[in-house]
Amino acid sequence: MTTEHTPGAPLPGLSGLLGQLGGAPEHRYTCSRARCTAEARWAIVWRNPKIHAADRRKTWLACEAHRDELRDFLAARDFPLEVRSVSELEEQNEQ
Ligand SMILES: [Zn+2]
């Protein structure tokens with residue numbers, strides 16, 4: 001069995017079907033990467049200086065596999081960003 005698939009192509013199988021049907025995510029946090037349904041353990045906090053005010057922040061959630069990919073995507077655009085663990089972010093929200 002291979003887990004490889006062409007980037008941009010729809011994922012075959014159950015996860016793709018569930019996405020189409022709008023199935024409820026089974027995790028508390030789900031990866032922000034398109035079509036990924038893995039549990040997110042990381043939060044990438046970023047902003048686009050061209051369109052966001054200085055105090056604006058966007059948060060992308062990422063699973064273990066996509067953390068670097070999402071971070072690199074933003075870093076390549078010179079966006080300021082921070083990678084934090086989801087639990088770290090939760091603690092902050094509770095304050
Ligand atoms: Zn993912």
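I take two strands as paired if DSSP finds at least two bridges between them. The model I am working from is predicted.

Entry 1, strand β1. I looked up residues 42-46, which form strand β1. Four of these five residues are buried, so I noted β1 as largely enclosed by the rest of the structure. For that count, buried stands for 20 or more other C-beta atoms within 10 Å of the residue's own.

Entry 2, β1 against β2. I looked up strand β2 at residues 58-62 and found five bridges to β1, in the antiparallel sense. In this pairing, I found Lys58 of β2 opposite Trp46.

Strand β3 covers residues 81-85, and I recorded five bridges between β3 and β1, which run antiparallel. I then looked up individual partners in β3. Val45 has Glu82 opposite, and Trp46 has Leu81 as its bridge partner.

Which order do the three strands take? I read the order as β2-β1-β3, in an open sheet with antiparallel pairing. I marked β2 and β3 as the edge strands, since each pairs on one side only.

Conventions:
Residues numbered from 1 in each chain as written. Predicted model: local features only at pLDDT ≥ 70, side-chain atom pairs only at ≥ 80, totals over all residues. Buried ≥ 20, exposed ≤ 12 C-beta atoms within 10 Å, placed from the backbone. Helix = DSSP H or I, 4+ residues; strand = E, 2+ residues; numbered from the N terminus.
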